[in-house]
Amino acid sequence: MIHKGAYADRIIKSRIREFGLVAATKNEKREDEGGCGVTGFAANIPVAGRHIFEPSIRMHNRGNGKGGGIAAVGFDPDQLGVSRDVLESHYLLNIALLDQECLPMLKEANVTPFFDVAKEELLGHLFDYREIPGLEVKPPDVWRAFVRVKPEVLAKFIEENGFQGMPLRWAEDEFVSRNSYRLNTRFYSSVGDKQAFVLSHGRNSMILKIVGYAEHVVQYYQLEDFVAHVWIAHQRYPTRGRVWHPGGAHPFVGLNEALVHNGDFANYYATCDYLRQRGLHPQFMTDTEVSVMLFDLWNRVYGYPLEVILEALAPTGELDFDLLPPEKQRLYDTIQSTHIHASPDGPWFFIIARNIPETNTFQLLGITDTAMLRPQVFSLYDGEVQIGLICSEKQAIDATLRSLAAGDPRFSPVADRYWNARGGSVDDGGAFLFNVEPAADGSRRLTCMNKFGKPVTVAARKPLDITAPVTKPDDYGIAIEPLLHEALESKDSAKIYDLFRTHAALWDYNTLRWVVGRIGKWVSVNADGLDGVIDGLTLLLDRRIPLGDKKRSAFIRIVTEELYGILRSLTRVTESVRLGRFALVDFQTRHALRPPVAVERVLVVDAKDFAPEGDECQSVLLVDAFKLGWRRFIVFDLRGQRFDGCGFGPRTDDVRIDLYGSSGDYVASGIDGMELHVHGNAQDQVAQIMKRGKLVIYGDAGQCFMYGAKGGTTFVLGNAAGRPLINAAGHPRVVINGTALDFLAESFMAGDPLNGGGFVIVNGLTMDEDGNVIFLDRPYPGSNLFSLASGGALYVRDPHRVIVDEQLNGGRLVELSNEDWELIHPYLLENERHFGIKVDELLTVDGLKRHPHEVYRKVEAVPLAVLTKIPETDDSVWARNAVRKAV
Amino acid sequence: MHYKNVWNEVPRPEVVKTPSRFRRGMGKYAVMLSEACNNCLKCVAICPEKVFEERGGKLLPPHDHLCLGVECSLKSNRCARNCPTSAIRVGMNPSTRAMGDKRWTADLLMSTWYMAETGRLPKTDLEYRTGDSGGGFDKIRFRFPRRPPRPDLDKETIDTSITLNKRNDSRLKIDIGFPVYGGGMSFGSISQITMLSRIRAFAAMNSFTCTGEGGYPEALYPFDDYIITQVATGLFGVREETIQRVKIVEFKYAQGAKPGLGGHLLGDKVTEAVARIRETVPGSSLFSPFPFHSVYSVEDHKKHVDWIKAINPRCLISVKVSTPTDVDMVAVGSYYAGAHIVHLDGSYGGTGAAPDVAKKNIAMPIEYAISKVHNFLVNEGVRDEITLIVSGGIRTAFDIAKAIALGADGVVTGTSELVALECLRCHNCESGRGCARGIATTDRELTGLMDLEWGSRRIINMFLCWRAQLREILYRLGMSSVRELVGRTDVLAHLDYNKDVPDDDIRKPAE
């Protein structure tokens, strides 16, 4: 077995010989962008292109319709009209023809002399692109061909470049790569009028891109029913120039990989130099292209294992590096010092879809930069089918799953797990990959693992068959109905919750669905029981209960669907009879919004069809309703709409809002007095500049949680991702039961916590599917804790004294005092009421209940010289010198 | 008669003579009296500029800053020649050699003080148009036609107003009375009296002032309709309430004086009052991070703009950025994100608090950035839908006019107002208790050096003089509105590239 990297030197030298060290075209970065929406998924069964549609649409506000693209890996040979052998062995050339006339010339120059063509065709498309609303520029025609390099051509290529001994396939890969470079040079980057360029040339993979939104690609090229195992899509937000070329859109191709990117490099030029020194010349002037060139170089030319490539892209640093085993430290240190000038610097997040022909594996890979400056969510569903998803926003994941579940009952609209990667960390390396590998029976299996190969799994439980008819269980009348009715008649949400907590583990799916269904039936004729039922079902969503062999994702799905059904059957604001405590408004009836009358107290908003932002967003409706006198709101079936709770203004103490579904960015930002409950995970920028009030998140909070907050009390069941509580001042009081990825409470300025200032409690725990508490090995894994803070305090549950001084920069670890415990105890008690996490359990270490002082540690601010002294400025130095001269 | 509290009213835009608050105004020339003076008071009658004043039969120390200079004093009918005891001598004031810097020369400081006192251009030979930096606006001149092309224009009615919302959206339509509004200076970096003086003066001109990022002190509430509140990276003092009070909200992404460095207010200036407004700890330095932690790309930025729009459904959005080489990209990105105003902050501005290493060394000089952005937006076809405001070293009415001729709609100033309040440009804004003249300080004792009515009047006088100069410039160019001047680089000349550039002093009558 020859190591791939053995030929690196020869490949690079011969490339330099052919293409030179200096770029043929002037290598100026002309395309500039920062923002994008990225999404991707990999499934063990082939999935139709239409399912990339929903997440793409849900992320329109991350692009501007000036560039969209998709990539797909792992096809059905029948749909392409070739044999499986051809599909797997041949290179699939996709060439965008901006000028249709150039095809004969192009073939003559770059195809016919070199390749045996097994099949060629012009990709089908809609007759008229204007049939697609919003698509303003005609997408390019695409010429597609399955090709192999002619043996004699390959032999000559090997001869000329000194590749003797190299496996033929490697040489063929290199030939295809260079041929595309030549083609692009001639037909794209060196001519005034761009004529054609290579979209992709890998095996069993393709890229298509246009000037438009990503879903337009699927529509225009009629890929709604075209199936693949891996799909990625990209919404681009270019801001320059009135004419855009599809060439600048993502994804970009390496050899067998397609990469989409959200972010911006600060060291683009240095990276280009690094590539040019290796005979590689960027042609499309974007940092995305450069990223995939780096990947291809390290992967195919240097033959690095994936872990090493990931390390070169996102180096491990600080405390995380210190925690690596010594031999890894040596390896990583070598990689970092060798490739540091090509390591992309700046906010970036990559999603890569690739085919690994050697093992017939299709792979979806997501990787974040070390500082985690771009949003990223991973998720996994493992049931009758398996799917892994990576997106910029959780709501886009939910949209994908909803779309898939609607088309195929084996999918679930709720994933089993959602999580974030911690960039450059010793825990996961900031990267996760989903491999779709062939199984012995001819089917495929999906596995998920992190940078270090540690698998991510979900508990093996029975998936729900949603198509199965729901029938009355035999023992319902005797064993369940009396209990259920007792709970319902009591109108006590806790009783309903308790019934499920004690019995749900024993029920099968049919019983569960039947019981939940009976609740809906009961409440439809017992309107005075609505409050109890809504609260009871909400508790079931918020808490985790033992479910036996059933999946929590299925349980969530069943309860959510019933809850939404109940809410949708409420009296509409347009109806004048049947008035009750609740009034329902949706997008169609939004103009009929009116003040509450009679006994009406709760405005229920069906958020489904509202716009993500702007005047048609339900957050605007909430403010209008508030002005009309409504104080209590339930917003459900959210699909990533933003700004809920914003705009109410000061002093809203009598307001309460409950959010269900995929809530969007900036929820509760700036609230002043109100109480807001997010049932499920929250997204990014939640509770920015929060002033007063209460926020409870029954899940994770996204990036920049409580940035610049001034006060308020918040409770988070799960984690807060990167950069929570940065620049928070005043008196915010926060309980985070999970942990934070990094930069927690940087520049915290919240006064003296014992005299009315603010603090953060970190419990460092997680829960299993059944709600059992598991304490994390490290309550706070990041390297930056409380950096440059000048006020406030952190209280960390750290009984094993894992937090070390190296993680602090301006803070000081001290023992907990009695005053501290008296301060935080009431908050932990309230935390218990919200999430059921008992204070006793928090104080229990290795089975023994301990004194709080032994369990919690405090991090307080110390006056840093840099914060209090006047730095010696150039001015003062200048002044002193001037005085000296004068004297 | 009821006691009337007037501090919260908008003053009338009229010139009220407002002399220096110090005993002797500083002038380019020093008028020296020898012991031979016998208090005959002949000089009081002779001097047309009222340099000499008597009180109770005794001559007061002369008002140097009104003196027209050595040549005047030596004329046969003027002071030096007619003093019976030859006690009067006029010479150059040696202090001027130590005062100011290349950008704000002693001449420029003193002419600004003169405008702030009298509302008129100085009669002396003070250079009131440009500094001596050897670049930027100091090398650019207006090329006035030999005769005013439209002598029929009435100078008094030449339109100096500009529109801040050019988008055809449902938000407020705002016109400001002259093409200037006040840049962000936070409470904490300057005193409340300084802040209010600026706000009242801009309000008098029917324009706006930005709060900076130090919060929104209650004393500002009467002027809500004339205030721009800033959402900057530290989010100090930013609340929904403050965002909803105002008509314009400004995002500060960077400052031209120190791009990439964020903001900082050193511990000594964080007094109890400052800490209360910012809800922080007294005595601890306050740092604004250099980026918005929630904004790392253009789609984040759009989301950010959408957020403020959701909080305040009527306000306009201004985006303040510095001038990197791809500033045109930033500007057009802001336009697509839904901003109404793009505010470019060039490299010449900034007070003493910006480190020298950053000042003038990082960002692109504003005169290049204006043209670059203006032309780019024109080519994109969106120039008519966005207001381009520039700042960073705009000192004089001539700077304003030059910036507009290069392509801006209007400008933002800051330092000039402080100079009107008798700032000396000593560059010690950030240190210790702050400003020796009680302008950029929050120290109670130092703040007491200035009174609000005096401060407001000084700045209004300067503005009225600026407006008159602008009108004179427009008149000489034959334009009836400042809006006609936008992008008219043809009326400008550059000393390095154009020959025979004429003098554009508007004190000399047009032919």
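In which loop of chain A is Pro251(A) found? In this predicted model, Pro251(A) is placed in the loop that runs between strand E8 (227–236) and strand E9 (252–253) of chain A. The peptide bond that leads from His250(A) into Pro251(A) is cis, its omega being near 0 degrees. Most residues other than glycine have a negative phi, and most peptide bonds are trans.

Positive phi values were computed for a residue of each chain. Lys491(A), which is not a glycine, has a phi near 55 degrees and belongs to the loop between helix H15 (476–489) and helix H16 (493–503) of chain A. Lys491(A) is classed as partly exposed because 17 other C-beta atoms lie within 10 Å, a count that falls between the limit of 12 or fewer for exposed residues and that of 20 or more for buried ones. In chain B, Lys50(B) likewise has a positive phi, near 60 degrees, and is situated in the loop between helix H1 (42–46) and strand E2 (54–55) of that chain. With 10 other C-beta atoms within 10 Å, Lys50(B) is exposed.

At the level of domains, chain A is divided into domain 1 (4–450), domain 2 (476–567) and domain 3, which is made up of the segments 705–814 and 848–887. The C-alpha centres of domain 1 and domain 3 of chain A are 39 Å apart, and eight residues of domain 1 of chain A are in contact with eight residues of domain 3 of chain A. On the domain 1 side of this contact, the residues comprise two nonpolar, two polar and four charged. Chain B, for its part, is divided into domain 1 (29–92) and domain 2 (155–494), whose C-alpha centres lie 43 Å apart.

The contact between the chains takes 57 residues from chain A and 44 residues from chain B. On the side of chain A that touches chain B, the elements that give two or more residues are helix H20 (618–628), helix H24 (865–868) and helix H25 (874–886) of chain A. By class, this side of chain A has 18 nonpolar, 23 polar and 16 charged residues.

Helix packing was examined within chain A. Helix H5 (residues 103–111) and helix H7 (residues 168–189) of chain A pack at an angle of about 140 degrees, their axes being 10 Å apart, and H5(A) passes H7(A) in a right-handed crossing. From H5(A) the contact draws on Leu106(A), Ala109(A) and Asn110(A), while H7(A) supplies Asn179(A), Arg182(A), Leu183(A), Arg186(A) and Phe187(A). These residues divide into four nonpolar, two polar and two charged. In helix H9 (residues 268–276) of chain A, the buried residues are Thr271(A), Cys272(A), Tyr274(A) and Leu275(A). Seen down the axis of H9(A), these residues fall within an arc of 160 degrees and therefore line one face of the helix. They pack against helix H10 (287–301) of chain A.

In chain B, Ile386(B) occupies the loop between helix H10 (366–380) and strand E16 (387–391). Although located in a loop, Ile386(B) is buried, with 24 other C-beta atoms within 10 Å. Apart from neighbours within four places in sequence, Ile386(B) is in contact with Lys166(B), Tyr335(B), His340(B), Val342(B) and Leu377(B). The C-alpha atoms of Ile386(B) and Ile341(B) are separated by 5.9 Å, although these residues are 45 residues apart along the chain.

Definitions and conventions
Residues are numbered from 1 along each chain as its sequence is written. Chains are lettered from A and ligands numbered from 1 in the order in which they are written. This is a predicted model: local features need pLDDT of at least 70, side-chain atom pairs count only at pLDDT 80 or more; totals for chains, interfaces and linings use all residues. Domain bounds come from an automatic or database domain assignment. Two residues are in contact if their C-beta atoms, placed from the backbone, lie within 7 Å. Ala, Val, Leu, Ile, Met, Phe, Trp, Tyr, Cys and Pro count as nonpolar, Asp, Glu, Lys and Arg as charged, and the others, Gly among them, as polar. Axes are lines fitted to C-alpha atoms, for helices over the stretch in contact, and angles run from 0 to 180 degrees between N-to-C directions. Helices (H or I, at least four residues) and strands (E, at least two) are DSSP runs, numbered from the N terminus. A crossing is left-handed if the near helix is turned anticlockwise from the far one by less than a right angle, and right-handed if clockwise. The arc is that of the directions from the helix axis to the C-beta atoms.
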